[in-house]
Each structure stands twice: as C-alpha cells, then as structure tokens.
Amino acid sequence: MAALHVSDPVKTKPYKTLRLILGDQLDPNHSWFTESDASILYVIAELHQETAYVNHHVQKVCAFFLAMKAFATTLTSSGHHVLYLTLDDTVADPTLPDLIIRLSEQYQVEAFDYQLPDEYRLTLQLSELSLPGVNIKAVDSEHFIIPRQILGRYFKPKQRHQMEAFYRKMRREQAILMEGDKPLGGQWNFDKDNRSRLKPQDLSQIPEPLVFGHNVSETLDRIHRHAIKVIGHEPSTLLWPITRNESLALLQHFCRHLLVNYGRFQDAMTDQSEHQWSLYHSRLSFSLNLKMLTPIEVIDAAISAFNDREDISIAQVEGFVRQILGWREFIRGIYWLNMPDYGELNYLEADRPLPDYFWSGETKMNCMAKTIDQSLQFGFAHHIQRLMITGTFSLLTGIHPDQIDQWYLGIYVDALEWVEMPNTRGMSQFADGGLVATKPYSASGNYINKMSDYCKSCHYKVTNKVEEDACPFNSLYWHFMERHRDRFDRNPRIGMVYRNWDKQPSAQRKLIMDRGQWCLDHIEAL
Ligand code: FAD
Ligand code: SF4
C-alpha cells in the first residue's frame, strides 16, 4: 500500500537529511522547525513495535496516531517535507532501526538526525543504529526544564533523593513562586491544605470536562486490520486533544475553571458525579508527554491565572506547580540515572500475578471496580486513584512489579515508560527500596473512606476488620506491615505504626492476620 505522503515527497528525490520524529516529540516550536529546508525529509511513522511492546488502551493508540498525523499536517503547512507512514506502510519494518535503514537507502541521505528519546528502549535502539556512510546526530528534545545532559548534576544513580529538596532547588533556580530567596506565601508546600474530600454540596459544582470529538474510524480500521492487541473501551470519538491548539484550549480551560479548586480536591475521589473521572485535574499529561505543551508554559499559565484572579489561592497554584516543576522532573531524573537496572528492581520480592479484575473491573471492592472501570472507559485515572486504590491494593497483596508496570504502561493514555515506571515501581510499589518514596504508600480502608465516598456503596464494610464482609484493605494492610516488619521496623516514618499494632491483643492480631491471609488466598474472589 502507498505511503500517506503528507507533503508528497518524491520517492526517489535524494534528500540530504532524514529526521525522525517520534510519537511523543510533537513540539512545533522545536528549533528543528525554525526554517523549512527542502533538503530535509521528516519522517513520522506508526510503528508495529510501538503498538506491541505492551497491550495499550485502544484510546491511547488512537490518540497517539491522530496526534502524529495532525502534527505531520501542521509541519507540511509550514513548508516542511514530511513523510507520514501508517501501519500499512511499515508492515515490512518490524523495528524502528529496520525502517530507518530502509528509508536512508531509499532517499540516499547523507545524514540522519533524531531527538533524544525519553524511553530507554528507544534510546538503546537508536544509539546502536549503524548506517554506513551516513552521519548520525542526536539532539535534545528541548522539552524538559533540566536538559538530559545535566541530569547528573541533580541525581546520582542508586541513591535516595528527596523530592521536596529537589523541588525547592528548582523553585530557587527557576525563580518560580519566589519572593527574593523566600517562597511566595511564606511556605514551600501547602500540601496540608490540599486534602479536602468532596462533600455532597461540592458534587454539583464540579465543572464539565473539556473533551474533543475526533473521528477515529480510520485509525480503528487500521488497528483491527493489523490485529493490534488492545485493551479498554473502543471510543466512538476521541476525547483527548491531538494538536497544540487543542492542548492550549485544555490548558486555558484548566486555568479558568479548575485551578481554583485544584489543590483543595487534588486527593479527593467520588463515584457520585458524572464528572468523577476527571474532577479538578488538568488532564494535561497527554499533551505534556507528547510535547504539544512545554512544562514551563503550563506553569506560567497557571501562575498568570493566579496573579490575575483573587479567587485562586497560593495553595492551589503551588500544588499544581509542584506536580510539574517538582514531581515530573524528579521522576524523569530517577528514571534516567537508574536505567536499565531500575526496571528489574523488586525490593519487596513481590511475586503474585495480577488478578483478572484488573482487566474487567469485576470485583466486589467498589473503590477498585470504579477506578478500573473508569480507566478502561477513558484511559485515565487521576493520581490518587492510581496511587492509593489500584497501587495500594497491588502493594498490599504483593503483585509482581513487572505485571503492575505492564498494566499501568498499557492502560493510561499518558503512559510512557520514563514517567510510568518510577511512579509505579518506585512511588506506588516501593520496589526500588525507597529511591522515590521515603516510605511505602500503604493504607487501610480508612484512608479511602476519608478521601472518597466509594465505601458507602461497597459490598464490604470499611469499619470491619476480620468479619466475612470486612474491607479487604484493612486486614491486607496489617498483613503487609507484618510480613515486611524486618524491612520497615526501623524506618522512623513507620516505627510508630508497629508500636501501635503491638499494643493490640494478640488474639485480635491473629484474627486480622488470618483474614489478611484469607484475602490473599482468595484474591480473585474479592
Ligand atoms: P494533574 O493532577 O492535573 O497534574 C498536573 C501535571 O503534573 C500532570 O499532567 C503531570 O504532567 C504532572 N504530574 C503530576 N503528578 C506527577 C507524577 N507523580 N509524576 C510525574 N508527573 C506528574 N503520569 C504520567 O504522565 N504518565 C504515566 O504513565 C503515569 N503513571 C503513573 C502511575 C502511577 C502508579 C502513579 C501513582 C502515577 C502515575 N503518573 C503518571 C502520575 C500522575 O498520576 C499523572 O501524571 C496524572 O494523574 C495525570 O493527570 P493530570 O494531567 O490531570 O494531572
Ligand atoms: Fe474499597 Fe474497602 Fe471502601 Fe470497599 S470498603 S470501597 S473495598 S476501601
């Protein structure tokens, strides 16, 4: 089948340079695109290897392909020469290097340029690429606040780093939310103000999410024709932004309608609102991760809104800035300074397989059912759902981190290994032994009940610990703490938990441990 030539490059024209644009490198302001040059051919390709390294959510595949195609069109209309290859055109190129070798020969290029990929897997493939007679050059993607080459100044391999210390350093260096050398508002962190749950009167106030309605029929046809293995609900239209302009509209929507309550309800969860899947979250991760927006412009937009409006408090904007200036850059540093070993870490020696309901949402645990169902429906769950529902459950039950990584990497539209893996393996599963988090994010049903209304309509009773209808999180929490006592007893942030546990009558502790063991033995039936 003929390639979809967005700018119709002549097949035999001897372009001098071939430039690769990966699916998550859709930044029209990259210095590559400052001027158009007829001797350069840009290639954007739907690659079979990229659809196959994990089972992706069908909406994720559609969103990437539509955004890539839209980017090719944008570049073409600015005078660049672009070759867009669909799955049909790359069927004979099993890997990315195979494609590059074929195109280099076909167009007789003298040079091959690429932007440094953010994923180790692709970096390895490209760094090992051999093109005799062709000059290969890698350039920075110009996206992150800390360029790749200097990450080593901030992070050391295999060492613990504290996000809070890193974040303060970044605030100072970038002069963001600062008054001289002091943090604006007198404190660095307003986390304590950001833990409200949604009360019934708050539910009707949640703004309607801004969604886009892109036609996906052609892309779905290709996915089916090539028998790509996908998960999740097939969309009638795609709700994610696929261009920079749409991403800017989503950013504006966030600043106008959501930022005002962002921090306040950042950790809240509900199943009582039709907008429960997005609440006050920005849903900008897809646009950011594909580089349709830069982190700095997103931060600047939020700070401008804060400066212009009296109803947006410092706690809201600081909470948001911390996620991007702090967590996002931090997570990337941990990834790059610890790969490839990071992907093998399993500090807690977890070895259980992922229960089937992770793929169907069919479980009696309402919090899990709602989070999984929503993830299958939208390819999205917000941070606390990822961390404290599916993440905590996997941690408490000791599911193998490889299986959890695969699930998170596949199911979310924003999932790319550099950001998914340290969040999953590190922050949520403590499989890195504390490189990302100072202690495991373990919790009982009490936390979930405090931050959500899931427990009200659950089959299990959150106040019960040992009965047949007791919330599984309660006994699993203690079972987890007890079985890892050797590892955590001396952690100053956890020691008190053991002191309190030890004060309980031993008969009660035994009942809780038995119930925890029963839950583990019957994990598929929970
Ligand atoms: P908001 O709450 O609006 O936050 C704003 C932005 O801050 C996000 O768009 C994101 O770019 C950034 N951000 C927030 N928290 C983090 C974080 N912990 N790490 C890095 N960036 C952060 N994020 C991804 O982008 N891709 C992933 O694959 C991914 N996997 C995760 C897996 C687990 C187990 C956990 C606990 C978190 C994961 N996150 C991931 C981080 C976070 O959950 C998402 O970035 C966030 O939910 C995206 O929604 P949002 O854009 O509405 O975020
Ligand atoms: Fe989840 Fe337990 Fe609450 Fe049910 S009772 S929703 S299982 S925390």
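**Figure 1. The loop that holds Pro 340.** Pro 340 is found in the loop between α11 and α12 (357-360), where helices (H or I, at least four residues) and strands (E, at least two) are DSSP runs numbered from the N terminus. The peptide bond that joins Met 339 to Pro 340 is cis, with omega of about 5°. Most residues other than glycine have a negative phi, and most peptide bonds are trans. This is a predicted model, in which local features need pLDDT of at least 70 and side-chain atom pairs count only at pLDDT 80 or more, while totals for chains, interfaces and linings use all residues; side-chain values use heavy atoms, with hydrogens and water left out. Residues are numbered from 1 along each chain as its sequence is written, and chains are lettered from A and ligands numbered from 1 in the order in which they are written.

**Figure 2. The chain as a whole, as context for the close-up views.** The chain contains 21 helices and 11 strands, and its C-alpha trace spans about 80 × 50 × 45 Å along the principal axes. Its radius of gyration is 24 Å, which agrees with the value near 24 Å for a compact globule of 526 residues; the radius is taken over C-alpha atoms, and the globule rule is 2.2 Å times the number of residues to the power 0.38. Of the 526 residues, 59% count as buried, a class that means under 20% relative accessible area, whereas exposed means over 50% and partly exposed lies in between (1.4 Å probe, protein chains only). Among contacts (heavy atoms within 4.5 Å) with a separation of 6 or more, 76% come from residues 24 or more positions apart. The pLDDT, the predictor's confidence in each residue from 0 to 100, averages 95 over the chain, and 98% of the residues score at least 70. Over residues 1-7, however, the pLDDT is below 50, although this stretch has 25 contacts in the model beyond near neighbours in sequence. Where pLDDT is low, the predicted coordinates should not be read in detail.

Figure 3. Just after α16 comes Phe 430, with a positive phi of about 55°; Phe 430 lies in the loop between α16 and α17 (445-451) and is buried, with a relative accessible area of 3%.

Figure 4. Leu 279 is found in the loop between α8 (244-258) and α9, and although Leu 279 is not a glycine, its phi is positive, at about 45°. Leu 279 is buried, with a relative accessible area of 1%. Ser 278 has its place in the loop between α8 and α9 and is buried, with a relative accessible area of 2%. Leaving aside neighbours within four places in sequence, the contacts of Ser 278 are with Pro 209, Arg 283 and Phe 380.

**Figure 5. Gly 398 between α14 and α15.** Gly 398 is found in the loop between α14 and α15 and is buried, with a relative accessible area of 11%. Gly 398 and Glu 349 are 49 residues apart along the chain, yet their C-alpha atoms are separated by 7.9 Å. With neighbours within four places in sequence left aside, Gly 398 is in contact with Ala 350, Asp 351, Arg 352 and Arg 483.

**Figure 6. Thr 17 in strand β1.** Thr 17 is found in strand β1 (residues 17-20), where it is buried, with a relative accessible area of 13%. Not counting residues up to four places away in sequence, Thr 17 touches Ser 39, Ile 40, Leu 41, Val 109, Ala 111 and Asp 113.

**Figure 7. Lys 156 in the loop between β6 and α5.** Lys 156 lies in the loop between β6 (135-139) and α5 (163-174), and at 38% relative accessibility Lys 156 counts as partly exposed. The C-alpha atoms of Lys 156 and Asn 338, which are 182 residues apart along the chain, are separated by 8.3 Å. Leaving aside neighbours within four places in sequence, Lys 156 is in contact with His 161 and Leu 337.
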